[in-house]
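Open the model in your viewer and keep the sequence panel beside it. The tour below goes from the whole chain to single residues, one selection at a time.

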Amino acid sequence: MDSSDIIDSESLQAVKNLKSKFERLASETSTVTGHRAGLRPTEHLGVVSPTSPGRVRRASNSQLQDSGASSGHLRTSSSSSDLNVLVKRAPPPPPPRGSTRFRTPSPTPSPTPSPLLRPIPIPPHKTESKDLEIPQSVSALRTKFVNNTPPQSPSRAQSTRPNLDLRPIAPPRGVPTRPAPVLIIHRTESPEELSAVDDDVRLGSSPVQRSIPPPIPVRPAAQRQASADEEVSSSSSRAGSSSDDDAPPRHLASHSPSPLPPPVPVRRTNGAVNHSSDSSQTSYDSDANIPQPQPSSRLNGLLPPPPPRPTFRSRPSINTYAIENAQTSEPKLFSPPPPLPARKATIMIPDNVVGPPPLPNRGNGLESPVVERRAVGTGRLPPPPTRTIALGDKLPPPRVANHPSSDDDSGEEDEPKVQAIDMMPDSTTSSRRPPLLQFRDGYSEPRIHIHPHSGCVAFSGSHVVVGHNHQLKIYDLSLSEVPVFNLTTRDMGLKDCKITCMEFRPTANRADRGFLVWAGTKEGHIFEFDVRSGTLRYAKYSAHIHHITHIFRHARSMITMDESGKALIFSPDPDNQDDIALPVTIPRVVRTTEKQDFIKLIDGKLWTAARVEHHGSSASQRLPVIRIFDIFNPASTGRSILPTEHVGPVTSATIIPSQPELVYLGHEEGYISIWELNTDDGYPLCTEVMRVSMSDVLSLEGVNDKLWAGSRNGMISAYDVSQRPWRVTNSWNAHPQAPVMKLMVNHYAIPKTNKLCVVSIGRDENVRLWDGLLGLDWVDKELVKLETSFSSFRELSVLVVSWNCDSARPDSLSTGDDDNFNFLRDALHSVAEPPDIISFGFQEVIDLESRKMAAKNVFLGSGKKDALSEKVTRAYKRWYDRLVIVVKSAMPKNIDYCVVHTESLVGLFSCIFVKTSQRSVFDDVSITTVKRGMGGRYGNKGAIVARFAVGDSSLCFINCHLAAGQNAIRRRNADAAGILEEKTVFTTAEHPLAYVGGGDGTMILDHEFVILSGDLNYRIDHRRDAILAAVRSGDVSTLHVHDQLLREIKFNRACRLRGFLEGPLTFPPTYKYDRGTDNYDTSEKKRAPAWCDRVLWHSRVNTRVKQLHYRRYEANVSDHKPISAAFSITVKKFDNEAREKAKAILQVKWADQQDKLLAAAAKFYVRQALL
């Protein structure tokens, strides 16, 4: 290049000269385009970019450097305006040593061709179109590569090496040309490689990464036509100028005067063309960011290996195409060119080759050949909701989350706790009388105190030994509840010893059996003493190095364990019948795991578990690791076992005498796991996991044919495990509000006192004794069968009216049809004689969807229970006044009624009338509420419970509103269970004989008669049109098989309403109607009709309740129809003297039954080597 062509970058005139030089170079090189197909085999392509002494153009992260670094380079630009900003760039780093692949080119072209550049033969190609010309040059082949290369996807494997394998590309007709950097072919490809490469490009893969020049700005149509006319004449000159052998790479300076071939614009696969503005920069370094489609995994084994890559690295640069597209401002002035024709693959692919699933679209602006991209808004999801608000309009209220109501049919199960409550053992028929046991008849229960943490206790018949630190107390409960001996370890000759555990030692001599006790200390000593005299017999000092934690008795052996897991087994000599002697018998040592939280000897094997040892990562999937040691088999090793599903840490274990082949383990979180002992390998196998309580199971003991469980809330429950689900036969509050830490059986009490004594130790520091045979319950059950012999009976008529009024006011009954006006009067006249008790129960007296009204009832409270105005709002007061007026006007004038109960609870309202003449016979009058909404914290769902006693019978009325929703069956079952099993609903009653099941009247099912009414919300699982057809035809009995409540009572053993009865449903469904009409729901939801409003009853003796009618009324001011039911209830009055005589006869019969049960229990404990 001449010195006159050097441009001063600081002069405006230099910029104009540079622009004119670019236009001259473009016109000189445009004549080469038409002759590109005529290249000789020995000619190669080379393009040299113009230079400038004022600026240095540096490639991104290039390791090549021009030897003439002193001379600047003019960077390629699409506009002369880019040259106005001067930024001095640092020279690129030198190339790596030993690199012979790329050399620093000289400023002048080499006179001899490079031996690395060879002619590239064109592979044969068949085309289906006659008009399509076969490309005869590498540049034409390169054009196909570029057109099939996506412009905006990341490069393969994110290579950091710049690709210098560039070839000039012939622009399409009609596209103007412009100067471009040098494109050099650095290696030779065989026809087979080119064919494979062509196939890779067509299939969306790229074995060799190639750089793509950026698009050019769109020119006016006149310029495009002029460039097209000059293209034919410029092809020959360009072909002749491509014979330079050592042409420098595109990012290096070059003084060669070779003409420049123009690059071609990159085409999108959908035919769109990228346009760039005149001010956008052109950087060929951005080609490293252009992704190449990955080769299909289906062809990995069929394609040849890719050619070698360049050895130097480059840093990915900003994608120039995205910037140019974002900055373009010129409109599209021409239609996109047609797409390139598809080429057939040159590799045969077997038909049985199964390809991988299609890759997702990466958002590079190209249409994937496999996965079709959907336009926005064409998916299945509906568009988001919109609001159109005009200027000045009031903003609409914010959307709030929908809460289930009586009209909500969502019905999805939302809480795992609901299902847990529903599947728990049935406790509706359990006895709540504590089965107290006394060794002295006629005396009060003995009070034995024990330290809750460090205390220990041992039982043998009527003898009780309690130890704590240095103290030792010995009781004989057959004589007194005062300790017989109150000793310390110093009195026995043991200094500084703290007692930690005790157990009675077995003896061959019957006279000593149950009187000799082994005690372990914190210091590791073991000593033996006699409870008859309180004297020390033997001592073994430092038997253990660590703290002794447990002592077990098995057959004639004794086992002691310390906290390090060391067990000493003291066994007698098998050759003689002598008992073990503490100072003489040499123990055998067995090693187990240390620091175990649970240890118990069951069926001759030692079961251990640690709280911190579990299997599983998440809290909901953790399984406790249980280790079993066969300590009496020296050749046996321990075995670790796991339960089948999630349970809490192990707390206790036992075997039920009636099922000796099963072991029951108690766990925290209320679980009990069942393990089979008779297995092939001799180690237990978990067969089932049951959840029996929402509280932790802290202690277990198998007693007779029942499983006793002590929980953290102080309750002890006896389960009948012979049926599924389990049934709670007894449940009583053993240690009020204190955990039941331990349950144990006094085995020696069977032969010594002829009693099966069960001992419970609570955190309240009390030791309590229970009758393991539950003799009082047996007597009570037999006494019920004889009630007719010592009781007098009379009839009591009861009328129950229930209605979900849907926040309707009493005034609404005075308007409209006669059915509305006469509803209450017709209900009161539905029985022939005025009833003795009238119970009104309303639901949704206030709008449950109104937050203001709901909040008013939630926070409403009063300490005065006799002030109606302070307990109810005006809505309840209006209904109360209306009911009082209706009862007074509808009933005969000579019969007066008085209100004995009235209560409200967030929409629920109850009002109970009794005849004034019989008010004196109603005792234990009480009323309360049970909340079930929001986990028992909110009263939108729940019940109002009222009770009173008549003679020696008790009645309980429940007005309830259960969970709504077509599919919320389990939620309704859980609400019913929560109401019926609520503890201490009432205070303790004054007439204990009026209550059944050993209860004291504090729970609902303690009452002899229970009547439950209200909106139970159970639906009909049937098609709406079929239900309507059955209603129109008057054959509603065909819908009974689809009623949810009837099915739950019949088939679901865990349903707490299983013990309730209901009269036949002969009237049409009472829900859901359009308000003010007799038409079933015609709204958008079109809910299916259902018998939501029901009346059920429960009685200890079913024959003592007779239903007189069960009907509905046609008031239409609500979406529910009101219902009523009338009953004739037989109440009783005892003859106490006759009753006591009958009870004495039954107690004699129980003594015979008790002997049989004790004999069976003694055999079991002998088999277990405990007696």
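Begin with the whole chain, which is a predicted model. Take the contacts between residues at least 6 apart in sequence: 67% of them join residues at least 24 apart. Colour by secondary structure next; the protein chain has 18 helices and 39 strands. The chain counts 1171 residues, and 53% of these are buried.

**Stop 1: a charged patch**

Select D817, D818, D819 and D826, which form a negative surface patch. Is D818 buried or exposed? D818 counts as exposed because its relative accessibility is 58%, and the cut-off for exposed is over 50%.

**Stop 2**

Move to strand β31, residues 897–905, where Y897 is found. Y897 has a relative accessibility of 15%, so it counts as buried; the limit for buried is under 20%. Which residues does Y897 touch, leaving aside those up to four places away in sequence? Show P834, P835, D836, I838, V887, M891, F913, V914, K915 and T916 to see them. From this list, keep K915 on screen and draw a distance between the C-alpha atoms of Y897 and K915.

**Stop 2: S839 in strand β30**

Select residues 837–843, which make up strand β30, and pick out S839 within the strand. S839 is buried because its relative accessibility is 8%. Not counting residues up to four places away in sequence, S839 touches L799, V800, V801, C911, I912 and F957. Display these side chains together with S839 to view the contacts.

**Stop 3**

Go on to E844, in the loop between β30 and α12, the latter being residues 851–858.

**Stop 4: A1169, another positive phi**

Jump to the segment after α18 (residues 1136–1167) and select A1169. Phi at A1169 is positive, about 60 degrees, and again the residue is not a glycine. A1169 counts as buried because its relative accessibility is 12%.

**Stop 5: two cis peptide bonds**

Finish with the backbone in two loops. Show R724 and P725: the peptide bond from R724 to P725 is cis, and its omega is near -10 degrees. P725 sits in the loop between β24 (715–720) and β25 (727–733). Then select Y1071 and K1072. What kind of peptide bond joins Y1071 and K1072? The bond is cis, with omega about 0 degrees. To place K1072 in the fold, look at the loop between α17 (1044–1051) and β37 (1093–1099).

Terms used. Residues numbered from 1 in each chain as written. Predicted model: local features only at pLDDT ≥ 70, side-chain atom pairs only at ≥ 80, totals over all residues. Heavy atoms only, no water. Patch = residues over 30% accessible without salt bridge, like charges linked within 9 Å, V, L, I, M, F, W, Y side chains within 5 Å. Areas by Shrake-Rupley, 256 points an atom, 1.4 Å probe, with all protein chains shown as cover. Salt bridge = Lys/Arg side-chain N within 4 Å of Asp/Glu carboxyl O. Lys, Arg positive; Asp, Glu negative; His and termini not counted. Charge placed at Lys NZ, Arg CZ, Asp CG, Glu CD. Buried < 20%, exposed > 50% of the residue type's maximum accessible area, 1.4 Å probe, protein only. Helix = DSSP H or I, 4+ residues; strand = E, 2+ residues; numbered from the N terminus. Contact = heavy atoms within 4.5 Å.
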